[in-house]
Amino acid sequence: MGIMAAAATVAVLGGGLIAVRNVGTQPPVAMPPDPGGKVGAPATPPTAEPTLGPTASPPTASPQDTAQASPSSTVTSTFPPLQDVPEVCDLLPASLTSRLAPKSESEPGVAKDGYGAKRKDCAWNQKGYNMKGGYNESRSFTVKVNVFPDNDSARDDADFSWRSMRDDSGQTKDAPYNAKYGEIKEISDLGDGAYAIYNEHTDRRRAMAWILVVRGNATIDIRFHGSDNKGREILPNKDSRPVPEEELLQGVEEIARETLKNLMG
């Protein structure tokens with residue numbers, strides 16, 4: 001399986017900064033501070049969702065690991081280049097988004113062109129309670145598309161995040177990170193390179209699957225978050241149930257395939 005990244009990768013988890021590269025695309029952010037009690041239920045849940053992502057020092061993968069975690073930049077892509085980035089919120093049908101993230105609505109993100117790439121993103125955030133068996137099943141995801149001048153530039157940008165994923169693969173980190181990672185997975189038929197990884201916040205009981213794809217001169221970065229929150233809780237806490245790895249990885253791959261299909265025409 002494989003993974004995508006952005007021209008800027010800053011990964012933060014549990015308040016810990018892990019890697020800084022450029023500043024083109026916003027990386028995962030820390031979980032919000034504990035409110036110290038139960039969160040009251042407003043008329044509708046807030047749209048902002050806490051995110052979760054890899055946390056490590058700047059990548060230290062060996063040359064051998066790097067070769068295993070990303071395609072060679074000397075390979076020429078067979079995919080036609082993109083000239084521009086379409087509106088990302090228009091790339092996914094409601095039939096998919098309503099199934100994978102019930103009660104969600106799309107909102108354009110804040111990605112801006114810069115650092116050698118054209119960039120756009122979109123977030124699908126939960127707008128209402130999705131109650132099942134006494135739990136509010138919270139699901140949300142983001143899709144970011146970055147178009148570079150050429151395939152080599154896209155691969156170089158993705159390499160940074162792929163190395164970070166490989167470094168975190170299979171690791172468990174205590175406080176302040178409170179993170180448990182699955183194994184990095186390669187998806188061989190999505191483009192020129194695609195890797196995915198699952199992680200779980202062991203304190204707040206929230207999970208995320210992250211996939212980063214390189215196809216032609218574009219990178220596609222997708223993060224799928226999920227937790228089942230007891231009662232009518234909005235934010236995840238120690239009583240929440242993180243969405244299992246298999247479910248989130250299947251979901252993020254499905255989002256990636258549909259995005260690529262509509263992005264490439």
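This briefing walks through the salt bridges, aromatic pairs and charge-over-ring contacts of the structure above. The model is predicted, so local features need pLDDT of at least 70 and side-chain atom pairs count only at pLDDT 80 or more, while totals for chains, interfaces and linings use all residues. Residues are numbered from 1 along each chain as its sequence is written, and side-chain values use heavy atoms, with hydrogens and water left out.

**Salt bridges**

- The count comes to 14 salt bridges, each being a side-chain nitrogen of Lys or Arg within 4 Å of a carboxyl oxygen of Asp or Glu.
- In one of them, Glu254 pairs with Arg99, with the closest N and O atoms 2.4 Å apart.
- That pair links distant parts of the chain, 155 residues apart: Glu254 sits in helix α4 (residues 245-263) and Arg99 in helix α2 (residues 94-100). Helices (H or I, at least four residues) and strands (E, at least two) are DSSP runs, numbered from the N terminus.
- Glu254 is partly exposed at 28% relative accessible area, and Arg99 is partly exposed at 48%. Here buried means under 20% relative accessible area, exposed over 50%, and partly exposed in between (1.4 Å probe, protein chains only).

- Arg139 and Asp228 form a salt bridge at 3.0 Å, N to O.
- This pair also links distant parts of the chain: Arg139 is in strand β6 (residues 135-147) and Asp228 in strand β12 (residues 218-230), 89 residues apart.
- Arg139 is buried, at 7%, and Asp228 is buried, at 10%.
- Asp228 meets Arg241 in a salt bridge as well, at 3.4 Å, N to O. Arg241 lies in strand β13 (residues 241-242), so this pair ties together parts that are 13 residues apart in sequence.
- Shared partners join Arg139, Asp228, Arg241 and Glu247 into one network of salt bridges.

**Aromatic pairs**

- There are 3 aromatic pairs, counted for rings of Phe, Tyr and Trp (its six-membered ring) with centres within 6.5 Å; planes under 30 degrees apart count as stacked, over 60 as edge-to-face and the rest as tilted.
- Trp124 and Phe141 have ring centres 4.8 Å apart and planes at 15°, so they are stacked.
- Phe141 and Phe224 are edge-to-face, at 6.0 Å centre to centre and 90° between the planes.
- Phe141 is buried at 0% and Phe224 is buried at 3%.
- Trp124, Phe141 and Phe224 form one aromatic cluster.

**Charges over rings**

- Arg232 lies over the face of Tyr129, 3.9 Å from the ring centre; the rule asks for NZ of Lys or CZ of Arg within 6 Å of the ring centre and within 35 degrees of the ring normal.
- Arg241 lies over the face of Tyr135, at 3.7 Å from the ring centre.
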